[in-house]
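Dear colleague,

Please find below the structure that I am handing over to you. My notes on what was found in it follow directly after.

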Amino acid sequence: MASLKDLRNRIASVKATQKITKAMQMVAAAKLRRAEMAAAAARPYAERMERVLANLASSMKDAPGAPRLLAGTGEDKRHLLVVMTADRGLAGGFNSSIARLAREHARKLIAEGKEIRILCVGRKGADILRRQFPGKLDDIISLREVKSINFGTASGISERVLEEFREGKFDVATMFYSKFKSVVSQTPTAQQIVPAEIPADQTGDLLEGAVYEYEPSEEEILEDLLPKNVAIQVFKGLLENAASEQGARMSAMDNATRNAGDMIKKLSLVYNRTRQAQITKELIEIISGAEAL
Amino acid sequence: MDSFPFELVSPEKLLISEDVEHVVVPGSEGEFGVLAHHAPLMSTLKPGVVKVYKTDGSEPKRLFVRGGFADVNPKGLTILADEAIPMEEFDAARLDAAIKAAEEHLSEAKGEALKRKAELDLNQLRELRAAAF
């Protein structure tokens, strides 16, 4: 049985851990608010962009000579997986659930005889996937140095992806990130970014028969708009991910704090019992000693 | 005079969303004004200043935009700007930073088409620099 001193030390160490988890939870809560606001602020642009693109693309998609970013390369052989995770752990199942989704997707593609390559944004996903797909991991983009995610961060990543596409290194790119629903619920999501997935045209009857004029030409606008759309999708993914990460960390740390509390309670109980048992024992020794005289 | 809904959004936030009467947009093929009931038009933007007249003839709200799109449809005008800064917060230093970024962009640009585009961007920024300050 553990001695009183051991128990005292245990309790002190659990208390120290509880303080840390509590602090982490509060930091995550503060960061979450900011991340949520950033994600909400970016939504209008993405929505408008989708509308403009849907409206443009519906007329262009099947036309010969449509941009490759829209129509694809005509093949479906080489896939690029852009896996977005956090750079830090201690966020519950956040990183592993994204990695799991990417892994399942990758296994399926390999089973179908397709080639895959993985680009990791955030170190944690790379740590997990490196072991399972040796040699497939292309590069890791760490966002550890990035204080707040802005559009520049996203366009840097998308520029990289687009350059590889222009060089013909892959046919399809899919992005993996975690969609933020609430503090307790984040859904890992896969989204195809190249070629662009166009939502159904919502502007069909909006023009009432009028015809758009384009300045410069329709093709040139589309040529400009499609890469921007990739950047915007990446931006959206990064922001959703940042909010999800903080949400996941907050609830994970909340659980940890509560567990530490339970543990302290249990340990204190054992400590008190042991202490009382010891006092009782000492008393018995004294009394029986006195009786013996 | 009729007003129409106008929205100016950058990737980071929604800057303006209100009913206005007149907006002057720096289109890549030249500036154009948009009034209510404008014919549907989609245009790319060059770096320049968007002027928003809440009522025609009033003092305009001026915003610097760097590239993007304008979409005019019967539901109103939407500008998707790559970057948008209200003129009050804008100064020569910000513009110089933009020019520097464009120069870097040009030196990194690969391929004829991209290079030409980057050069065009840079020239427009320089023009703006000469005109505004």
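Pro195(A) sits in the loop between S5 and S6 of chain A; helices (H or I, at least four residues) and strands (E, at least two) are DSSP runs, numbered from the N terminus. The peptide bond that joins Val194(A) to Pro195(A) is cis, with omega at about -10 degrees. As background, most residues other than glycine have a negative phi, and most peptide bonds are trans.

Please note that this is a predicted model, in which local features need pLDDT of at least 70 and side-chain atom pairs count only at pLDDT 80 or more, while totals for chains, interfaces and linings use all residues. Residues are numbered from 1 along each chain as its sequence is written, and chains are lettered from A and ligands numbered from 1 in the order in which they are written.

Two residues other than glycine have a positive phi: Leu90(A), near 55 degrees, and His37(B), about 65 degrees. Leu90(A) lies in the loop between S1 and H3 of chain A, and His37(B) in the loop between S4 and strand S5 (41-45) of chain B. Are these residues buried or exposed? A residue is buried if 20 or more other C-beta atoms lie within 10 Å of its own, exposed if 12 or fewer, and partly exposed in between, with C-beta atoms placed from the backbone. Leu90(A) is partly exposed because 16 other C-beta atoms lie within 10 Å. His37(B) has 8 C-beta neighbours inside 10 Å and therefore counts as exposed.

**Confidence in chain A**

The mean pLDDT (the predictor's confidence in each residue, from 0 to 100) of chain A is 87, and 93% of the residues of this chain reach 70 or more. Where pLDDT is low, the predicted coordinates should not be read in detail.

**The sheet of chain A**

Chain A holds an open sheet of five strands in the order S3-S2-S1-S4-S5, with mixed pairing; two strands pair if DSSP finds at least two bridges between them. Axes here are lines fitted to C-alpha atoms, for helices over the stretch in contact, and angles run from 0 to 180 degrees between N-to-C directions.

Strand S1 (residues 78-84) and strand S4 (residues 172-182) of chain A pair in the parallel sense over five bridges, and Val83(A) stands opposite Phe176(A) in S4(A). S2(A) and S3(A) also run parallel, joined by four bridges, and here Val121(A) stands opposite Ile141(A) in S3(A).

S2(A), H4(A) and S3(A) make a right-handed β-α-β unit; a crossover is right-handed if, with the strands pointing away from the viewer, the path from the first strand over the helix to the second runs clockwise. Helix H4 (residues 123-132) lies across S1, strand S2 (115-121) and S3 of chain A, and runs at about 160 degrees to S3(A). Which residues of H4(A) are buried? They are Lys124(A), Gly125(A), Ala126(A) and Leu129(A). Their cover includes S1, helix H3 (94-111), S2 and S3 of chain A.

The domain assignment of chain B, automatic or from a database, gives domain 1 (4-87) and domain 2 (91-132). The centres of these two domains of chain B, taken over C-alpha atoms, are separated by 21 Å. Six residues of domain 1 of chain B are in contact with six residues of domain 2 of chain B, contact being counted if the C-beta atoms of two residues, placed from the backbone, lie within 7 Å.

Strand S3 (residues 22-27) and strand S4 (residues 30-35) of chain B run antiparallel, joined by six bridges, and form a hairpin with two residues between them. His22(B) has Leu35(B) as its bridge partner in S4(B). S3(B) is also joined by three bridges to strand S6 (residues 48-53) of chain B, again antiparallel; there, Lys51(B) is the bridge partner of Val24(B).

The contact between the chains takes 24 residues from chain A and 22 residues from chain B. On the side of chain A that touches chain B, the elements that give two or more residues are helix H1 (4-60), strand S6 (213-215) and helix H6 (218-292) of chain A. H1(A) provides the largest share of that side, seven residues.

With kind regards
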